[in-house]
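The sequence and the structure are shown first.

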Amino acid sequence: MDTKKRLFIIDDDEAALSVLTTYFEHCGLEVFAFRDPPDLKKELKEKDPHAVLLDIVLPHASGVEILQKIKDIKPRIPVIMMTGYTNDERRIESLRKGAYTILTKPFDSFEEVYHVVNNAMDHYIESLKTTELARRVEETQRLEKINIIEIDFLKSLQHMIGEAEDPAF
């Protein structure tokens, strides 16, 4: 599994987008910045981010609608919403639609934003690892079951043709 964490940032505010991109790149993340919502299906598949930082209010699309599209494509990916509005119904709607959390702009501390994003990424990466491990365990159990069935069949076959002298086999 790739070790470099990848972050999508979608924000129409060019200054905020630039500052966030520079900050997160300085923190060692690979950042993909978008002023307008990209082709989500294509970009999420190609770049496979570990989290999305998404502005709730965008000029050409609702951040909540974009959140829903992201969740339709990658249901478990953490989407952290940002907004400058403190009392807004879209905040609640975002949480209902699966937002990881909501950050209020302007940020009190970029370090706090980093920790929220990094923790979300860590949880997501661990959930991917857990899913892969569960898949491997399930496959191993399936193969072991097949092996047991094959051994039982061979024992029966040997007994039928009288080749098994040792009943312990």
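## Met82 and its surroundings

Apart from neighbours within four places in sequence, Met82 is in contact (heavy atoms within 4.5 Å) with Ile10, Asp11, Leu20, Leu53, Leu54, Asp55, Ile56, Leu103, Lys105 and Phe107. Met82 belongs to strand β4; helices (H or I, at least four residues) and strands (E, at least two) are DSSP runs, numbered from the N terminus. Its relative accessibility is 0%, so Met82 counts as buried, where buried means under 20% relative accessible area, exposed over 50%, and partly exposed in between (1.4 Å probe, protein chains only). Met82 and Leu53 are 29 residues apart along the chain, and their C-alpha atoms are separated by 7.1 Å.

## Basis of the model

The model is predicted: local features need pLDDT of at least 70, side-chain atom pairs count only at pLDDT 80 or more, and totals for chains, interfaces and linings use all residues. Residues are numbered from 1 along each chain as its sequence is written, and side-chain values use heavy atoms, with hydrogens and water left out.

## Overall architecture

Five helices and five strands make up the secondary structure of the protein, in the sequence pattern β-α-β-α-β-α-β-α-β-α. The radius of gyration is 25 Å, well over the 15 Å that the globule rule gives for 169 residues, so the protein is more spread out than a compact globule. This radius is taken over C-alpha atoms, and the rule is 2.2 Å times the number of residues to the power 0.38. The C-alpha trace spans about 85 × 30 × 25 Å along its principal axes.

Of the 169 residues, 35% count as buried. Among contacts between residues at least 6 apart in sequence, 65% join residues at least 24 apart. The protein exposes about 10600 Å², of which carbon and sulfur atoms supply 53%; accessible areas come from the Shrake-Rupley method with a 1.4 Å probe.

## Nonpolar cores

A nonpolar core is a set of buried Ala, Val, Leu, Ile, Met, Phe, Trp, Tyr and Cys residues joined through side-chain atoms within 4.5 Å. The largest has 19 residues, of which Ile10, Val52, Leu54, Ile66, Ile70, Val79 and Met81 touch the most other members. Two or more residues each come from β1 (6–10), β2 (30–34), α2 (40–47), β3 (51–55), α3 (63–73) and β4 (79–83). The most, three residues, are given by α3.

A second, separate core has 18 residues, among them Val31, Ala51, Ile80 and Val113.

## Tyr114 in helix α5

Helix α5 contains Tyr114, which counts as buried at 18% relative accessibility. Not counting residues up to four places away in sequence, Tyr114 touches Tyr23, Phe24, Cys27 and Leu29.

## Backbone exceptions

Most residues other than glycine have a negative phi, and most peptide bonds are trans. Asp48, which is not a glycine, has a positive phi of about 45°. This residue is found in the loop between α2 and β3, and Asp48 is partly exposed, with a relative accessible area of 30%.

Lys105 and Pro106 are joined by a cis peptide bond, with omega of about -5°. Pro106 lies in the loop between β5 (101–104) and α5 (110–161).
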